[in-house]
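This briefing is meant to be read with the sequence and the model side by side.

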Amino acid sequence: MTLSYLRNILFLSHLFALSVRCQGLAFSGEAITTRFWDCCKPSCGWKQKAPFSRPVLSCGIDEKPLDIAAGTGCNGGNAYLCSDQQPWVVNETFSYGFAGIFLPGHNEDFWCCSCYQLDFTSDPLRGKSMIVQASNTAYDINTANRFSLAVPGGNTTSYDACAKQYGVDQTVFGENHRGVGSKEDCDGLPQQLQPGCRWRYDWFQDASYPSANFKRVVCPAELTDRTLCKRNDEKALAEGGSSSAAPTSSSPASFRAGALAVIIAALLSA
Ligand SMILES: *[C@@H]1O[C@H](CO)[C@@H](O)[C@H](O)[C@H]1NC(C)=O
Ligand SMILES: *[C@@H]1O[C@H](CO)[C@@H](O)[C@H](O)[C@H]1NC(C)=O
């Protein structure tokens with residue numbers, strides 16, 4: 001066995017390790033959270049954003065699903081955020097929802113339609129968790145891991161897409177960067193958005209920028225049934241993942257098995 005041969009094996013093992021880390025299937029970390037509900041077509045609603053079954057479902061003003069290519073209501077088009085992509089309570093300590101996310105060093109290809117468990121780490125939410133699907137991208141803060149939770153009336157933007165989608169005055173959605181000011185204000189929102197608006201004051205306790213530990217998990221059908229978007233790597237995550245426990249980006253056991261397979265392949269091909 002020559003030295004260069006050994007070096008080749010090491011190189012191949014290294015490549016394999018890199019590829020495992022790049023897939024980042026059980027990716028985890030610490031995050032800040034914000035809120036949004038701009039009514040725009042979600043950024044993961046466009047073709048080819050990531051390897052997935054189809055993009056996140058967008059809705060027309062009548063809540064009917066639209067052609068995937070329809071333009072966003074925030075730029076003259078007629079595609080909007082579907083009203084059922086709002087959060088809901090499962091029990092006292094657990095909720096489901098959707099989020100616009102940003103993970104520095106990665107792009108939409110990496111996160112669009114993946115699901116993350118958020119374990120809140122600040123009061124008053126400590127001890128509570130959510131599982132959210134990344135249906136959107138939070139572009140404007142890109143220095144930290146960020147999950148902007150999709151909460152109706154949780155935060156408007158300068159776009160008037162909500163007014164167009166629901167035929168109401170944009171002011172019922174509250175103030176820019178803040179959203180509505182009280183639970184009572186949720187009564188002013190279109191009917192189908194009121195439960196998610198009240199969720200903020202009930203389960204979420206109107207928490208201000210709560211922090212969370214996050215980790216990728218296999219998407220529950222409860223979420224993908226609403227967006228219709230499933231990533232192609234979900235099966236690999238389910239198989240290799242130990243997604244409920246692994247704090248690191250790859251499972252050591254599957255990494256060792258993979259590295260061994262690479263070395264054996266290298267030996268056979270020599
Ligand atoms: C509202 O959205 C803006 C833009 O993303 C963000 O800077 C702000 O922190 C958000 N506000 C809340 C309360 O999440
Ligand atoms: C809340 O629901 C989650 C998800 O189904 C479950 O894992 C957890 O045990 C439940 N907690 C309580 C207190 O019922």
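Ligand 1 takes up the space of the largest pocket in this model, which is predicted.

**Ligand 1 and its surroundings**

- The residues found around ligand 1 are Thr34, Arg35, Asp140, Arg146, Asn155, His177 and Tyr209, and when this shell is sorted by class it holds three charged, three polar and one nonpolar residue.
- The side chain of Asn155 has an N or O atom that lies 2.3 Å from an oxygen atom of ligand 1.
- Arg35 takes part through its backbone, where an N or O atom is 2.8 Å from an oxygen atom of ligand 1, while a polar backbone atom of His177 lies 3.2 Å from a nitrogen atom of the ligand.
- Ligand 1 exposes 360 Å² when it is taken alone, and the protein buries 81% of that area.

**Ligand 2 and its surroundings**

- Val90, Asn91, Thr93 and Phe94 surround ligand 2, and by class this shell consists of two polar and two nonpolar residues, with no charged residues.
- In the side chain of Asn91 there is an N or O atom 2.3 Å from an oxygen atom of ligand 2.
- On its own, ligand 2 has 360 Å² of accessible area, and the protein covers 33% of it.

**Disulfides**

- A disulfide is a covalent bond that joins the sulfur atoms of two cysteines.
- With sulfur atoms within 2.5 Å taken as the rule, the count for this model comes to seven disulfides.
- One of them is formed by Cys39 and Cys162, whose sulfur atoms are 2.0 Å apart.
- The disulfide of Cys39 and Cys162 is right-handed, because the torsion about its S-S bond is about 100°.

**Details of the backbone**

- Cys39, which is placed in the loop between E1 and E2, has a phi near 70°, and this is a positive value in a residue other than glycine.
- Between Asp123 and Pro124 the peptide bond is cis, with an omega near 5°, and Pro124 is found in the loop that runs between strand E6 (115-120) and strand E7 (129-137).

Definitions and conventions:
Residues numbered from 1 in each chain as written. Chains lettered and ligands numbered in written order. Predicted model: local features only at pLDDT ≥ 70, side-chain atom pairs only at ≥ 80, totals over all residues. Heavy atoms only, no water. Near = heavy atom within 4 Å. Polar contact = N/O pair within 3.5 Å; in protein donor to acceptor, adjacent residues only side chain to side chain. Areas by Shrake-Rupley, 256 points an atom, 1.4 Å probe, with all protein chains shown as cover. 1 Å grid on protein atoms, 1.4 Å probe; cavity = no way out; pocket = protein on both sides within 12 Å on 5 of 7 lines; lining within 4 Å. Sits in = over half its atoms within 2 Å of the grid points. Nonpolar A, V, L, I, M, F, W, Y, C, P; charged D, E, K, R; others polar. Helix = DSSP H or I, 4+ residues; strand = E, 2+ residues; numbered from the N terminus.
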